[in-house]
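Subject: Structure for you to look through

Dear colleague,

I am handing over the structure we talked about, and below it you will find my notes on what turned up. Please keep it open beside you while you read.

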Amino acid sequence: MTLRRIPRYPRSLQLAIFLLILSVQLVKAASEYDPYKILGVSRSASQAEVKKAYKNLAKEWHPDKNKDPNAEDMFIKVSKSYEILSNEERRSNFDRYGQMDENQQFAQSQHQGFRGFQNSFYFDESFFHFPRSRDFADSKYLLHHAQFNTDVLPDSHKRPYLIKVTSEWCFACIHIEPVWKEVVLELEPLGVGVGIVDLGYERRLAHQLGAHRAPSIIGLVNGRVTFFHQAVVRENLRQFIEDLLPPKLVEKITDDNYRVYLDSWRVENKPNVLLFDQIPIVPLLYKLTAFAFRDNVRFGFVDQGDTHNSQLLRQFNINTYAPTMLLFKEDSEKPVDIIQARGMKRQIMNEFVSNNKFLQVPRLVNQQLFDELCPVKQFHRRRKYCVLLITGEDQAFLPGNKAFLDFASANRKDVLRFAYVYQRQQQPLCQALLHNQAALSPQVVILERRSHAGKVMYRSVSGGWNGSEEDKYRLHEQLELLQKDPTYLRSDATLPELNNEMAPIFVIRWINSAYDYIVQIYDDLLYSNWREMMPILSLIFSALFILFGTVIIQAFSEPGESKPRKPKPKEQPQAEEDASSRGSTSSRPPKKDFVEVTELTDITYISNLVKLRPGHINVVLVLTNASKNALLRKFAKEVFSFSGTQTLHFSFLNADKHRHWMPSLLCSTSGAMRREVHSDEDEESPDYAGHVLALNGHKKYFCLFRPVFTGDDSKDSSSETSSASDSRRKSRPRSRSSSHSRSRSHSREDGTGPKRGSGRATSIEVHHKLDRLGLWMERLMEGTLLRLQVPAWPSLSETANSFSES
């Protein structure tokens, strides 16, 4: 008999085969759960069909109606199936991956599939030597995106939060877990909020916090996120929480400054709390309480072991064997409440402070205080009446204010709230209650708020308030009538929102915001948080690139002006090109490739000049029938670069049709211009062709351009134009002189009239009349031209002009 040797496989291979078989069985069992089969609908069923099937099955398998032992399990399966199929995202994930967990990120299918495979084993903790995927004690601290924005973020203005960012396969998270639990057990009873963010489940929230790796520890105070960068030990985390709190939350009080501290209620409008303790440093519990109530109460700390505090201890008879808290309001000599306990708990301190958040008679300094002190009426049994004293800030009002405080102290009731307001600081509120009448003496108003929109019912106490016994008796009598008859308040009004007297000015808020931003940038740079710094660095480099790029383009686009240009013989003068190029650099680019030039006629005269809109200018060219074509072409070329300006309009006036309009316009001016017109009239026929006027119809003034060249030699004109251009480059102030005087000087240099020659010479003379119009247009845009005022615009009709000339 031959014995066959049975081969022995390695243990690793046996384990792999076992895991493969087990995984197949688990996957097969998981695949049997199909929400479509449970609800009895097809995979293409609509939401209406899914909802209808769910309602029918829920009624059938409800445990209260169905006595089948499996009814409860079936009802749970039906509900779970409806949760999956009613949500489009979950349904899509189930169709593609077969997953049913609403929090999983299905974009990473390979990683999540392996994670689901690992979590399906019941022995994963002992086999892989990992802790469970999530500790049951941490489940109450898990944060979701919606919960964070609705609950945690607003609550961070009342208490700091310590948030841990973790993930499933984070080996470093395992090492900090014992320290984290120890810190949570210590800080949570003190009032520190605790949160946990799973980087795999809540990527949206992690991105909002700026956390991109695990583990990370984040501090959240006043909505601001701060990362913890030190070694994860209990002392560092505790100090991290203390550093997150704003400075000067608690003031150190000694015998030297306690008087000033207790009397600060007049300015701060807050009660004052003093904590006496044996330790020299302020306890973290006290700092957290001060942070939670910093808007309503001021906090001070007294070290009982300091020898400089002996007077304080004797005056208030402090027991040195246990921490003691004293709360002061308007009376700085006597506290209104005292607590003393060896183990001061957070609940005791919060209750002690919350019951004394307001002064006995606080001053209304903002809308939030008004809403808390005088809430809106909710039910008939919860009526709150606000007794409001409208007074002033001067020393003369102090006796009346003190009498009102004494009255409020003697008539403390749950339904009555006493407050006062300065009329100068809250004028809209006082005007609504006093019917826009300034109160010469203090007034008392009893009001009840009816809606959040500001509607109130009120009644003014007759006779004003001087603090006399008669005033106190009258006010007490009306309060008694009010409690018996709620309809005693018969006047109604809508109050505006109160001014925030305690709000810092804009400059201080801007400085604080800038400081926080700089600190955040420094922190990101120090710890190399480049992912968060990339948008800021991109913005900075983009701005620098645009700046230097603009400088380089301007440097290479403009040639050096020091190089003289050699004029080419037998060519057109360069005055036209120079003027157009100069105009193009000083005005907007034209929106069209042509210039719209309209003729001034009896129809268009009113709209284009007399009723021209304010700020608009009409540039008018004066021409004749003989020079019309040549001047219009030259005029369009010179003003083309200025046609993109929306406040400029271009027109022309035919002097042959309206020959009396120009003399009438010039005669309506004063001084030298009128004498010059009379000298021109002595000539046979004054030639106004080539004159250009900038007319401001609204302000009734105009600027005048006269032809400055009448020669017939193209070489002379070219040299004259280039010399004028050079003189303009070398001495800019000389170009500031008026166009009128400059044109007259040129006309004198060139002669009294044009030479009678060939037709070609005449056309050149007309063409060169507008050589310097581009320079004149630049000065018009700069506002340096001489403005000639007119009392009224002359009419285009010859009769009116003849009448004005006579």
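Is Trp661 buried or exposed? Please bear in mind, before the answer, that this is a predicted model. Trp661 has a relative accessible area of 0%, and it therefore counts as buried.

Trp661 also has an aromatic partner, since its ring and that of Tyr605 form an edge-to-face pair, with 6.4 Å from centre to centre and 85° between the planes. This pair links distant parts of the chain, because Tyr605 belongs to helix H24 (residues 605-610) and Trp661 to helix H26 (residues 661-667), 56 residues apart. Tyr605 is buried as well, because its relative accessibility is 5% and the cut-off for buried is under 20%.

The count of aromatic pairs comes to 13. Another of them joins Phe228 and Phe240, whose ring centres are 5.2 Å apart and whose planes meet at 70°, so that this pair is edge-to-face. Phe228 is found in the loop between strand E4 (224-227) and helix H11 (234-244), while Phe240 is in helix H11 itself, 12 residues apart, and both Phe228 and Phe240 are buried. Elsewhere, ring pairs link Phe404, Phe407, Phe418 and Trp465 into a cluster.

Two rings have a charged side chain over them: Arg294 lies over the face of Phe291, at 4.2 Å from the ring centre, and the charged end of Arg449 sits over the ring of Phe370, 4.7 Å from its centre.

Turning to the nonpolar cores, the largest has 42 residues, and those that touch the most other members are Leu162, Leu187, Val250, Tyr286, Phe299 and Met325. Helix H14 (residues 284-292) gives the most to this core, with six residues. If you select Met325 and leave out residues up to four places away in sequence, you will find that it touches several others, including Val273, Leu274, Tyr286, Ile338 and Phe352. A second, separate core has 25 residues, among them Leu621, Val766, Trp776 and Met777. In soluble globular proteins, nonpolar side chains tend to be buried together.

Asn401 counts as buried because its relative accessibility is 17%, and, leaving aside neighbours within four places in sequence, Asn401 is in contact with Leu389, Thr391 and Gly392.

With best wishes

Note on methods: Residues are numbered from 1 along each chain as its sequence is written. This is a predicted model: local features need pLDDT of at least 70, side-chain atom pairs count only at pLDDT 80 or more; totals for chains, interfaces and linings use all residues. Side-chain values use heavy atoms; hydrogens and water are left out. Buried means under 20% relative accessible area, exposed over 50%, partly exposed in between (1.4 Å probe, protein chains only). Contact means heavy atoms within 4.5 Å. A nonpolar core is a set of buried Ala, Val, Leu, Ile, Met, Phe, Trp, Tyr and Cys residues joined through side-chain atoms within 4.5 Å. Helices (H or I, at least four residues) and strands (E, at least two) are DSSP runs, numbered from the N terminus. Rings of Phe, Tyr and Trp (its six-membered ring) pair if their centres lie within 6.5 Å; planes under 30 degrees apart count as stacked, over 60 as edge-to-face and the rest as tilted. A charge sits over a ring if NZ of Lys or CZ of Arg is within 6 Å of the ring centre and within 35 degrees of the ring normal.
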